[in-house]
Amino acid sequence: MAKADIKTLDDIKLMVNTFYGRVQEDDLIGPIFNAKLEGQWPVHLEKMYTFWQTILLDEYTYQGRPFPPHAQLPIEAEHFERWLQLFDKTVNDLFEGPVADEAKSRGRKMAALFQVKLEHIRQSPFKPLL
């Protein structure tokens, strides 16, 4: 049976909830997310709904800057790789179409950008200006 594309906020919520459910259970990145977001998961998920709704549906509900909350996390390339594996698998399991492809593309671009920014902050002798 053919899968539908990501079209609505309900689709975004399904993608986000499924993805972060897998993240929480993952041996590598689960402990990092769970330590940071303990007691805060509902707030984080709401923020992720608006983030992806803004990016994928052109419905501008997200207010914020995605990078700063990640700046102090103990994350390396292997963590980004796992995040992308789980994200791509989630999108592929649930959806197919141009918006689903865009979601995966945006995920890869974000991971690359975050890694560049983290590297810069870690090598700088100055306190980060977030």
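A residue is called buried when its relative accessible area is under 20%, exposed when this is over 50%, and partly exposed in between (1.4 Å probe, protein chains only). Helices (H or I, at least four residues) and strands (E, at least two) are DSSP runs, numbered from the N terminus. The model is predicted, and local features need pLDDT of at least 70, side-chain atom pairs count only at pLDDT 80 or more, and totals for chains, interfaces and linings use all residues. Residues are numbered from 1 along each chain as its sequence is written, and side-chain values use heavy atoms, with hydrogens and water left out.

In helix α2, the residues Gly30, Ile32, Phe33 and Leu37 are buried. Viewed down the axis of α2, the buried residues fall within an arc of 165°, so they line one face of the helix; the arc is that of the directions from the helix axis to the C-beta atoms. These buried residues of α2 pack against α1, α3 and α4, where contact means heavy atoms within 4.5 Å. Just after α2, Gly39 has a positive phi of about 80°.

A nonpolar core is a set of buried Ala, Val, Leu, Ile, Met, Phe, Trp, Tyr and Cys residues joined through side-chain atoms within 4.5 Å. The largest such core holds 39 residues, of which Met15, Val16, Tyr20, Trp52 and Trp83 touch the most other members. At least two residues of this core come from each of α1, α2 (30-37), α3 (41-57), α4 and α5. Helix α3 gives the most, with nine residues. Leaving aside residues up to four places away in sequence, Tyr20 touches Phe33, Trp41, His44, Leu45, Met48 and Trp83.

Charged side chains were examined next. Side chains of opposite charge can pair when their charged atoms come close. A salt bridge is a side-chain nitrogen of Lys or Arg within 4 Å of a carboxyl oxygen of Asp or Glu, and six salt bridges are found in the whole structure. One of them joins Arg22 and Asp93, with the closest N and O atoms 2.9 Å apart. Arg22 lies in helix α1 (residues 9-25) and Asp93 in helix α4 (residues 77-94), so this pair ties together parts that are 71 residues apart in sequence. Asp93 also meets Lys89 in a salt bridge (2.9 Å, N to O). Lys89 and Asp93 both lie in helix α4, four residues apart, about one turn of the helix.

Another salt bridge joins Lys104 to Asp101, with 3.6 Å between the closest N and O atoms. The two residues are three residues apart in helix α5 (residues 98-123), about one helical turn. Lys104 counts as buried at 14% relative accessibility, whereas Asp101 is partly exposed at 45%.

Asp5 is placed in the segment before α1. Asp5 is buried yet has no salt bridge, and the nearest side chain of opposite charge, Lys7, is 6.3 Å away; Lys and Arg count as positive and Asp and Glu as negative, while His and the chain ends are not counted. A polar atom of the Asp5 side chain lies 2.8 Å from the backbone nitrogen of Ala100. Not counting residues up to four places away in sequence, Asp5 touches Asp11, Phe95, Glu96, Gly97, Pro98, Val99 and Ala100.

Notes
Polar contact = N/O pair within 3.5 Å; in protein donor to acceptor, adjacent residues only side chain to side chain.
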